[in-house]
Amino acid sequence: MSMDSATSSNSGADHQSFRQITRDRLLFEMLRSTRKNSKSMWKVLIMDKVTVKIMSFSCKMADIMEEGISLVEDLYKRRQPLPSMDAIYFMQPTKENTRIFMSDMSGKNPLYKKAYVFFSSPIQRELVAQIKKDSKVLTRIGALSEMNLEYFAIDSHGFITDHDKALEELFSENAEGSLKYNSCLNMMATRIATVFASMREFPRVHYRVAKTIDTSTLTTLQDLVPTKLAAGVWNCLARFKSTIPEFPQTETCELLIVDRSIDQIAPIIHEWTYDAMCHDLLCMDGNKYVQEVPSKTGSDTERKEVLLEDHDPIWIELRHVHIADANERLHEKMNNFISKNKAAQLHQARNGGDLSTRELQKMVEALPQYSDQIDKLALHVEIAGKLNSIIKEQHLKDVGQLEQDLVFGDAGTKELINFFRTHLDISRENKLRLLMIYAAINPDKARSDKGAKLMQLSRLSADDMVAVSNMRCLCGHDSKKSSAGGFTLKFDLHKKKHGIRKERIGEESKWMLSRFYPILEELIQKLSKGELPKDVYHCMNDPSPSFWGIPSNSSPQTSPAHQPAQSMRSRRIGGTWARPRNPDDGYSSDSVLKHTSSDIRKLGQRLFIFVIGGATRSEVRVAHKLSSKLKREIILGSSSLDDPPQFIT
């Protein structure tokens, strides 16, 4: 696909998803484009540490090989000369990378016949001049191009800039004057801007404005982070307008830049959906889960790595549903499979009652034609079983209930003290999470005698208490903000309930512990309607006159922005679990995959939201949920995707 076919969201009709555009640009615009002028059928692909990660998030090895790549090499390692082959370099435009490339392709015996060079972000003119200065290198270059693709597509609705230490580098007490502060912001701005270069979108840039420019340098510096990042993104976009062919000259979408202070609770609280629980409670490495399967030799088990990703239809179906709902759906899938399969019925009769994960795995050998289906079912039955055991062992229903009561103002210091006195076997991490939630809601109380009593009762170490006191770096200076800025009802002394969330009308769910929602959900809906409070959110550019126009086929009453909210978790009402489902009703795995592409054809312009300091899985889920509800593709970006253990660290 050429760059200009990645049209802006104005086109509406034939609308490609964010991840699809990213993948197509890498495979077609970069790799396939080199075929035109190359006589070499197979090529070498050379990448650095960053670009190899970009590629792995969007493409599989089979995709790359299909485009004529026979070998993938590391730019920084010693490589075997292949003078009869052409090479494709996909790399960051750094001095060191340019030096290595020049060394590869200069002199009498270059490593490769011809080089096609693609930079992940804009390159400095001096480096281009340096490359052009060497006439031998210049004759061996088949292409020299800025791809402007330096982000990591973690999901069909999400990307990260890979700044895991953004909280530390931008919000810590010694951030001022640090080289890391400016370097982190500059690189983040460049990477965000390349998202818009890829999507051929020119956004209207909103950002949370600094409210507290006073004598406290610390407060000002932290509070200025969204402003500085917005300015950095704006500068990059201004350059793209004049350098990228067919880059839009007027606004085509929205970008909202906020930092982690808008919601300090979301990264810490227990989220009860399947995806979030897997990453919170199981020791996973990214999306990698280690499954125990029967060994081929005998009774022992073997460890097998599996990826919980888009190619697994059961994962796609379950990832955003409540754990109790996931359990019910898995149970139904199992019953459906058994009812349609005589061999499975015999197996069940022999074992008397439900089939265990181990028995399901043994059935794979007995029923090879169903192996893939049973494998995936066995995997998720095992995962759900582990999650349920951990919930029981760690008393997570009690912990979760108190967390949500604190957040909604139904519990306070007294209830937390009582909980610590009566639940002596609560884990260190869960006590720490409760105290961090308490500190985010009551920063003043956390520093008072009551706070000291809680610390004493929790019996946490001095190191653990640092995490609690560090919450003030994110929320201490915002204690007086009104609810208008997304700090909903925070520290409102006129309310009897000191909660920082209010109950949502029409969002009741049949599932326990599902009333918590991230603040981002409210902000996205306000952004969609053009109702962000002007005193809290400023904009770098004014919109074109028709920018807020409602699509012609929607009246204000029925437009997606004005429809009543519908919770993903409350879509199934009452105890209707056992009803037979039509395979195309949107619930079955087949149906989920079938509708993925058609659902992408959104009506409205895209909304981009960027969270500095790490996004959560609950916020990624909100991007999926609101994309369907608002009929607009919502893309959530962040410096990193953090599960509670990483955030606490």
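Which residue's side chain does the side chain of Tyr 76 join in a polar contact of 2.7 Å? The partner is Asn 97, where a polar contact is a pair of N or O atoms within 3.5 Å; within protein, one must be able to donate a hydrogen and the other to accept it, and residues adjacent in sequence count only if both atoms are side-chain atoms.

A word on the model before we go on. This is a predicted model, in which local features need pLDDT of at least 70 and side-chain atom pairs count only at pLDDT 80 or more, while totals for chains, interfaces and linings use all residues. Residues are numbered from 1 along each chain as its sequence is written, and side-chain values use heavy atoms, with hydrogens and water left out.

**Two loop residues**

Tyr 76 sits in the loop between β2 (69-74) and β3 (86-91); helices (H or I, at least four residues) and strands (E, at least two) are DSSP runs, numbered from the N terminus. Leaving aside neighbours within four places in sequence, Tyr 76 is in contact (heavy atoms within 4.5 Å) with Asp 48, Lys 49, Glu 96, Asn 97 and Ile 100. His 322 belongs to the loop between α12 (313-318) and α13 (323-339), and a polar atom of the His 322 side chain lies 3.0 Å from the backbone nitrogen of Ala 324.

Here is how the two compare with the burial classes: buried means under 20% relative accessible area, exposed over 50%, partly exposed in between (1.4 Å probe, protein chains only).

| Residue | Relative accessibility | Class |
|---|---|---|
| Tyr 76 | 38% | partly exposed |
| His 322 | 4% | buried |

**The sheet**

Seven strands make an open sheet with mixed pairing, in the order β6-β7-β14-β13-β9-β8-β12; two strands pair if DSSP finds at least two bridges between them. β6 (152-155) and β12 (537-539) are the edge strands, each with a single partner, so one side of each has no neighbour in the sheet. β6 and β7 (residues 158-160) pair in the antiparallel sense over three bridges, and Asp 155 stands opposite Gly 158 in β7.

**A helix pair**

Helices α19 (residues 428-441) and α21 (residues 449-458) pack at about 170°, with axes 11 Å apart; axes are lines fitted to C-alpha atoms, for helices over the stretch in contact, and angles run from 0 to 180 degrees between N-to-C directions. That makes α19 roughly antiparallel to α21, a label for angles over 145 degrees. Lys 431, Leu 435 and Tyr 438 of α19 meet Lys 450, Leu 454, Met 455 and Ser 458 of α21.

Terms used. Parallel < 35°, antiparallel > 145°, perpendicular 65-115°, else oblique.
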